[in-house]
Amino acid sequence: MSQAMTKPATGPFPDGFLWGGATAANQIEGAYAEGGKGLSIQDVMPKGITAPPTEGPTDDNLKQVAIDFYHRYAEDIALFAEMGFKVYRFSIAWSRIFPNGDDEQPNEEGLAFYERVLDELEKHGIEPLVTISHYETPLNLARSYGGWTNRALIGFYERYCRILFERFGSRVKYWLTFNEINSIIHEPFVSGGIPLPRQGLTEQDLYQAIHHELVASGRVTRMAHGLMPDAQVGCMIVAHPVYPLTPSPDDVEQAMHTAHASYAFGDIHCRGEYPGYLLRHFRDNGVELDVTEQDREDLRNTVDFVSFSYYMSICESADASITKGPGNIMGGVPNPTLEASEWGWQIDPQGLRVIINDYWERWQKPLFIVENGLGALDVLVEVDGVPTVEDDYRIRYMNDHLVQVREAIADGAQVMGYTSWGCIDIVSAGTSQLSKRYGFIYVDRNDDGTGTLERYRKKSFGWYRDVIASDGAVVDNGVAVA
Ligand code: BG6
């Protein structure tokens, strides 16, 4: 574990810094078949990303109830307000609005639910940040169309976005087009609704699907700017700084190739065209994309800001025989200097400063950290008769990451805000567990589905409230990762 803590960065975070938390519909809402909602790919993923999908919905899918946000949103948003959230990132379930994805008309009951959520946020003065598509492609688009491999999805997505912009445009300023868009390279089903395992998918089909998503993202960015002059649209990327395992030039080059695979998504979103290294990858692999003149035009609608998730850095080696470790979407060669979470994800706060500097220098667009946090096993205890969790490990994790955000801001990067992942306990995307808890708020529900669904404030709840109230001034530079 690196103990090399950085020089202190002093003072609070910038004025207007958007402090808050983040969730995704399928991991919190439950009510999977209520309110006219259609099935999404998540309804056939009872064991999460890491297991193959089932034919239809099964009762062992914790997401069918999740944490019942669909019915308890008002109570939850009031708790976010108690912590002082300035912003709440949540996603809209596409299949609540268009149950089959290809419907002509939207489902009004679904729209009404998000109206109620927005009402509640407005009541508490919390700015919404909406992810339009967060691993929730309507199942019909996956099964009948082959997901994003099919160009028809651009039109369906556009229709969905138009409805969101028309109905919510006066209330929502910040939009993200696709959650962790680069994850499609590793997880084509969850990320692109493509009903094939990665090994069964050719580079040609994979990159054509990616192209369709990128075109869709550009097209709706233009639409958003046309319909909502004040709107800001961001892309969203899984960020992993890639370190060479050794100083050997072969390892350095391998690290560059791995980094390119993710950079490409930001390069296209920020520069409006394919980077040379990706065109070369196409040439070398016999990929010939179907790209129209209109597509090229659509891609030129660049984003206003870049958002990303950050959980860990990875190492790369030219030695392909080295086994990769676990991680968020893509694992990497383990870094011998770092410790890991209970789920094996390596912890590297300084990597966050590195990636912020890197992205800022590369794209010169404002950055938004929209996911960061520690999935851990929490133990509910009673303090003065009140149930809580003494989650000092989570406080340490977040504090150490925020120190690095402040350092990166001092380095000159423009950072819009920070929304911690799973600000309330949710069902994990990777393994579909509730016991992998990220929240400041404990939800009484277990992996076997038992529990009262009661909410309890953890120790980190008060800590984060103080962080926000002091605009980050209480973030302590001297705390090392446990
Ligand atoms: C990100 C996703 O990949 O990581 C989230 O955007 C997910 O949906 C988060 O929950 C943490 O991963 P996990 O597997 O711990 O839930």
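Modeller: A crossing of two helices is called right-handed if the near helix is turned clockwise from the far one by less than a right angle, and left-handed if it is turned anticlockwise. With that in mind, and remembering that this is a predicted model, the crossing of α12 and α13 is right-handed. Helix α12 covers residues 349-363 and helix α13 covers residues 392-410, and the two pack with their axes 8 Å apart at an angle of about 30°. Because angles under 35 degrees count as roughly parallel, α12 and α13 are described as roughly parallel to each other. On the α12 side the contact is made by Pro349, Gln350, Leu352, Arg353, Ile356 and Asn357, while α13 contributes Asp400, His401, Gln404, Val405, Glu407 and Ala408.

As for the cysteines, the structure holds zero disulfides. A disulfide requires two cysteine sulfur atoms within 2.5 Å, and the sulfur of Cys161 lies 15 Å from the closest cysteine sulfur, that of Cys235, which is too far for a bond. Cys235 is likewise in no disulfide, with the nearest cysteine sulfur, in Cys270, 5.1 Å away. Cys161 is buried, having a relative accessible area of 0%, and Cys235 is buried too, with a relative accessible area of 0%.

Note on methods
Residues are numbered from 1 along each chain as its sequence is written. This is a predicted model: local features need pLDDT of at least 70, side-chain atom pairs count only at pLDDT 80 or more; totals for chains, interfaces and linings use all residues. Side-chain values use heavy atoms; hydrogens and water are left out. Buried means under 20% relative accessible area, exposed over 50%, partly exposed in between (1.4 Å probe, protein chains only). Axes are lines fitted to C-alpha atoms, for helices over the stretch in contact, and angles run from 0 to 180 degrees between N-to-C directions. Helices (H or I, at least four residues) and strands (E, at least two) are DSSP runs, numbered from the N terminus. Angles under 35 degrees count as roughly parallel, over 145 as roughly antiparallel, 65 to 115 as roughly perpendicular and the rest as oblique. Contact means heavy atoms within 4.5 Å.
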